Amino acid sequence: MVKKFPDNFLWGGATAANQYEGAYNEDGKGLTVQDVTPHGGFGPITDEPTEDNLKLVGIDFYHRYKEDIALFAEMGFKVYRTSIAWARIFPKGDELEPNEAGLAFYDKVFDECLKHGIEPLVTLSHYETPLHLTREYDGWTNRKLIEFYERYVTVVFNRYKDKVKYWLTFNEINSVLHAPFMSGGIGTPPEELSKQNLYQAVHHELVASASATKIAHEINPDFKIGCMVIAMPTYPMTPDPEDVVAAMQAERSNYLFSDVHVRGKYPNYANRFFKENGIEIEFAEGDKELLAENTVDFLSFSYYMSVTQAADHSKYDTGKGNILGGLKNPHLKASEWGWQIDPKGLYLALNDFYDRYQIPLFIVENGLGAVDQLIEVDGELTVDDQYRIDYMNDHLVEVGNAIEDGVEVMGYTSWGCIDLVSASTAEMSKRYGFIYVDRNNDGSGTLNRYKKKSFNWYKEVIATNGESLVD
Ligand code: BG6
């Protein structure tokens, strides 16, 4: 492959606190929505944490962070994306004073990254709203959460202002439309949640995100603040104009979030949608100006699959495992969990976002969730995950193609660079990592780490700045 990736391209990997830290009740951490969803973000909610919830132990990063970060460094990571668990800092979410032990933990993590020359990229809220905020306030439906979030981000921005430069305000903010409990800490069951309250929650998150951007830039003008959305390029099932319109509408329901973050105001099409659905967003004094004056420095996104839409779904197969809905695309293969594999979709997403906004883009999640088999090769335990290498190679080739088109791409952090608990299904067996973690769905396993074949492959990709990719 010819040289395409810029010299300062941020290669790395991504994780989230709730899926790998474990230590769910250590050092003063409060419970989060994850501690009561043992079967994943769409599954049942328990009253208390239950033993079958793999996230309580995760992969024990909390106690093994040094070993893990050293492995990331060995691969040559320039950047490492993780999240701060809000409930480690404010255990209930609505306290006035932070928990020092929680803050001290992330000092250690960031120091360890910096020691290895790895830049931390930190998500402030990654599907881990403190549970108290759900039970007491119904999550983001309540405007009070803005104030709690502002207090939390002010504390962490101040604390880590010399250690962390890149921040993301909310993980996959558009997922609140599909997973209100996991994403928005909204306790009202989805079938009882009115569109009015759901979109009011969206508004609160958007205002909180703009407010965090403002606070961040005041604390350190060098901070780079990004929004984070799920990218899902949507294809029409046929050239029938009705199908094309259906695809456009589906994309707009996602663009709404990045449009507000990047352009600083609700797009006109949203106003029509609100009107037709009887939604009246309540703006507090100053919201409009706050959104307009505090747009993001860059746009980040996760990309796993494209989707396909038609005006009439009844004629087609529905793709399984796809949180944003959509139909089965007959031209694409899918992962074992039904996620349709489409490298060209990443090329399209990058171009579409860049054509729309002309701001730097950051791919902060991408990867293949697969069942891996630990085998012995030359006396070492490993995984022959050529399927993962193929997946990532093909996606990265498309990133290179988009860069050639002139798209500004800041970096790429593959999802779950070390195996962790899946968000949608809370399984250990849905693995994404370059590093295998010996833990099974029943909670058994030594938690030992083993390098997969993809470990050395990614190391080479980073060392050659993408030139080792095969087009
Ligand atoms: C994204 C989330 O939706 O996809 C991650 O930001 C998640 O938290 C990832 O883990 C992959 O999804 P899953 O369900 O396979 O873990």
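How many nonpolar, polar and charged residues does the lining of the largest cavity have, by class?

Reply: The lining of the largest cavity has, by class, 14 nonpolar, 6 polar and 3 charged residues; please keep in mind throughout that this is a predicted model. As background, rolling a probe the size of a water molecule over the atoms shows where empty space is left.

The count comes to 6 cavities of 30 Å³ or more, and the largest cavity holds about 300 Å³ of space. Its lining is made up of 23 residues, and those that lie nearest the centre of the cavity are Glu172, Tyr304, Trp339, Glu365 and Ala423. Two elements give two or more residues to this lining, namely strand 5 (224–231) and strand 7 (298–303).

Strand 5 turns up again at the second largest cavity, where strand 5, helix 9 and helix 12 (343–357) each supply at least two residues of the lining. About 120 Å³ of space lies in this second largest cavity. The residues that line the second largest cavity are Val229, Ile230, Ala231, Met232, Pro233, Glu251, Asn254, Tyr255, Ser258, Ala349, Asp352 and Phe353. Helix 9 provides the largest share of that lining, with 4 residues, and by class the lining divides into 8 nonpolar, 2 polar and 2 charged residues.

The crossing in which helix 9 passes helix 12 is right-handed. On the side of helix 9 the contact is made by Tyr255, Ser258, Asp259, Val262 and Arg263, and on the side of helix 12 by Asp352, Phe353, Arg356 and Tyr357. These contact residues divide into 4 nonpolar, 1 polar and 4 charged.

At least two residues of the pocket lining come from each of helix 8 (195–219), helix 9 (241–263), helix 10 (268–276) and strand 8 (307–309). Among these elements helix 9 gives the most to the lining of the largest pocket, with 7 residues. By class, the pocket lining has 16 nonpolar, 8 polar and 4 charged residues.

The axes of helix 4 (residues 100–115) and helix 6 (residues 144–159) come within 11 Å and cross at roughly 45°, which makes helix 4 oblique to helix 6. Here too the crossing is right-handed as helix 4 passes helix 6. Glu100, Leu103, Ala104 and Asp107 of helix 4 make the contact with Val155, Val156 and Arg159 of helix 6, and by class this contact has 4 nonpolar, no polar and 3 charged residues.

The other pair is helix 13 (residues 386–404) with helix 14 (residues 453–463), whose axes come within 9 Å and cross at roughly 25°; that makes helix 13 roughly parallel to helix 14. Helix 13 passes helix 14 in a right-handed crossing. From helix 13 the contact involves Gln386, Arg388, Ile389, Met392, Asn393 and Leu396, and from helix 14 it involves Lys453, Ser454, Trp457, Tyr458 and Val461. The residues of this contact divide into 6 nonpolar, 3 polar and 2 charged.

Definitions and conventions. Residues numbered from 1 in each chain as written. Predicted model: local features only at pLDDT ≥ 70, side-chain atom pairs only at ≥ 80, totals over all residues. Heavy atoms only, no water. Axes fitted to C-alpha atoms, helices over the stretch in contact; angles between N-to-C directions. Parallel < 35°, antiparallel > 145°, perpendicular 65-115°, else oblique. Left-handed = near helix turned anticlockwise from the far one by under 90°. Contact = heavy atoms within 4.5 Å. Nonpolar A, V, L, I, M, F, W, Y, C, P; charged D, E, K, R; others polar. 1 Å grid on protein atoms, 1.4 Å probe; cavity = no way out; pocket = protein on both sides within 12 Å on 5 of 7 lines; lining within 4 Å. Points joined across faces, edges and corners; volume = space filled by probe spheres on them.
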